[in-house]
Amino acid sequence: MASQVVILARTKTLIRALNSSKSISTFTFLSQEPQLAEASLPDPQPSPLPPNPATGSPLYNENWRNAAPNNPSLAQTLVPLGFLNQTPASRLHALSTTLDVQSMMNLFADWMTQQRWPDMQQLFEHWIRSLDKNGKPNKPDVNLYNHYLRANLMIGARAADLLDLVAQMEEFAITPNTASFNFVLKAMCRDRETEAAEKLLERMLEAGNESLPDFESYNLVVEMFFETDQIDAALKYIDMILKSGYMLSINIFHLCVRRCVNQGRLDTLVSVIEKCKTMDQNKALIPSWPMCNDIADAAMLADNSKLAFYALEFMARWIGRCETARPPLMLSVEEGMVVSALATAGRTYNSTLLDASWAILRRSLRQKKDPNPESYLGKIYALASLGNLQRAFSTMHEFETAHGNSKEAEDLFSPFTSLYPLVVACSKKGFETLDSVYYQLEILSRGDPPYKSVAALNCIILGCANIWDLDRAYQTFDAISSSFGLTPDIHSYNCLMCAFGRLKKTFEASRVFEHLVSKGVKPNAMTYTLLVDAHLINRDAKAALSVIDEMITAGFNPSKETLKKVRRRCIREMDYESNDKVDSLARKFKIRMGTETRRDMMFNIQYATEYPS
């Protein structure tokens, strides 16, 4: 019984302890103890829904992209109380006391995108006067100080002010690097301070590895020198850029090309292009398409074959680049420019330019048409100048295939005009070259397929006439029909007449004229001109005038050169009647003969073996 009383007493003590314990939660309404509801309280209202965006809620009227909301109450929940009521200077001063170097870098990176240059300047100046968390003055590093220099540059600070700021870096135990000096160079380039920029660049070269000029430094200075027309100084620093292995900017390359072309410094431009082509980082540089045309024009005008070749190479790269573009753009080189390039190759004896010109012409035509006759003649001239007669006659074969049946074929294949460079090349070494060409044509005539050309044989005949070899000329003329099975044309007869006329065989030349007329071959203007020359060589002005009359009757007009030759012979033979007839012909055809005072002075000189006493 006593034990039951003890157990009951302990149970009551435990119940009192449990009733007196506190709840885990600090909120009264979460208590697990039951409570009676008060009758005087009203029924609780249901919680409202969020505001509808279309009903004009103040939160939705604000632009959510705006970093500074217009609602003051909302702003006070995001920034400290009273911060927006401060002045900008006070706000920056307050902000400077809470930032370290990394925070300043991040903030400046954000402000640079917003171009808040004055704020960057003022914040930095407040920050360096403030103390860090350890109570020591804030100390910037070189990168943070460069942001400060950039801000001053963008505000419009003078180069002298920026130099002073760079000098103040020593107070913070900071060594200026290349970027620091580049900001000063930008200010100097903006103000066109060429001498100061050149001295600063020399100072950077002497300073050491930390501040050695980079490609941006050189490009800034070179661009300033080009814009101030100091070509020599700009070219000096371009050479330093290339020797240092830096990349030349496309803008500097264009300026260099433009200034060198305008100033006539073509050899210098060739040197720069050659150095760029040897460097991996610069070999992709290419002028614009219009600039390539300007380079080619200037190079051909000055007979600079290397620069002309580089201009055509740039054009070929443009053509290839535009053909692979999407959508493709079909660029083409003007055929007239190619003809000029071929002529330049012939004058400068440059086979590389010749091959490049013909290749880019073929690529521009895209096999849609044959080159014009002028292009073929230009290539023949260039090959003849180079002495490559085999390729020259091969090109003439292509020329005959493409334009042999045109209406202008008679003039195109005349050995006296269009093919005369080939005639000169055939007779350059006398009969040795002429015989070699003739034997080559004989071999080709027996080939498969055979190549037989009257125009090629006419060049050999006229070449024999040029070296006064009448026998070879006549044998070649006879071989046209006997060996090659071809029919002589008017140019063949003209070449034979020229050979007779040069050796004063006027009678034989007249016989050739009568023979071709009897064969039904129609004479041309060159036929009558050659017959006139044959009579003038024999000092027979009256016979020459009679041939001119026949020439006029046949429908051809005498040239100014022919009338001047006849007049000269009339004066020297004192045939004034014939001279008057020449003057009447000149007036009839409205030809201004001019005077020959200097020729007459040379003709009237009296030579004597005795010296005047």
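Visitor: How far apart are the closest N and O atoms in the salt bridge of E323 with R366?

Guide: Side chains of opposite charge can pair when their charged atoms come close. A salt bridge here is a side-chain nitrogen of Lys or Arg within 4 Å of a carboxyl oxygen of Asp or Glu. In this predicted model, E323 and R366 form such a bridge, with the closest N and O atoms 3.2 Å apart. The pair links distant parts of the chain, 43 residues apart: E323 is in helix α16 and R366 in the loop between α18 and α19 (373-386). Helices are DSSP runs of H or I with at least four residues, strands are runs of E with at least two, and both are numbered from the N terminus.

Visitor: Which other residue forms a salt bridge with E323?

Guide: R363 does, with the closest N and O atoms 3.4 Å apart. E323 lies in helix α16 (residues 305-323) and R363 in helix α18 (residues 351-365), so this pair ties together parts that are 40 residues apart in sequence.

Visitor: How many salt bridges does the rule give?

Guide: The count comes to 23. One of them joins the side chains of R190 and D191, at 3.4 Å from N to O. R190 is partly exposed at 38% relative accessibility, and D191 is partly exposed at 35%.

Visitor: What limits apply to these values?

Guide: Local features in this predicted model need pLDDT of at least 70, and side-chain atom pairs count only at pLDDT 80 or more, while totals for chains, interfaces and linings use all residues. Residues are numbered from 1 along each chain as its sequence is written, and side-chain values use heavy atoms, with hydrogens and water left out.

Visitor: Which peptide bonds are cis, and where is each proline?

Guide: Most residues other than glycine have a negative phi, and most peptide bonds are trans. A cis bond joins R326 and P327, with omega about 0 degrees; P327 is in the loop between α16 and α17 (335-348). The bond from D448 to P449 is also cis, with omega near 0 degrees, and P449 is in the loop between α23 (431-445) and α24 (454-466).

Visitor: What is phi of Q115 and of W468?

Guide: Phi of Q115 is near 60 degrees, a positive value in a residue other than glycine. Q115 is in the loop between α5 (101-114) and α6 (117-128) and is exposed, at 57%. For W468, phi is positive too, near 55 degrees. W468 is in the loop between α24 and α25 (470-482) and counts as exposed at 53% relative accessibility.

Visitor: Which residues form the negative surface patch?

Guide: Patch residues have over 30% relative accessible area and no salt bridge; like charges are joined within 9 Å, and nonpolar side chains (Val, Leu, Ile, Met, Phe, Trp, Tyr) within 5 Å. Asp and Glu count as negative, Lys and Arg as positive, and His and the chain ends are not counted. The place of a charge is taken as NZ of Lys, CZ of Arg, CG of Asp or CD of Glu. The negative patch is formed by E374, E408, E410 and D411. D411 is in helix α21 (residues 409-412) and is exposed, at 58%.

Methods
Accessible areas come from the Shrake-Rupley method with a 1.4 Å probe; for residues, only the protein chains shown count as cover. Buried means under 20% relative accessible area, exposed over 50%, partly exposed in between (1.4 Å probe, protein chains only).
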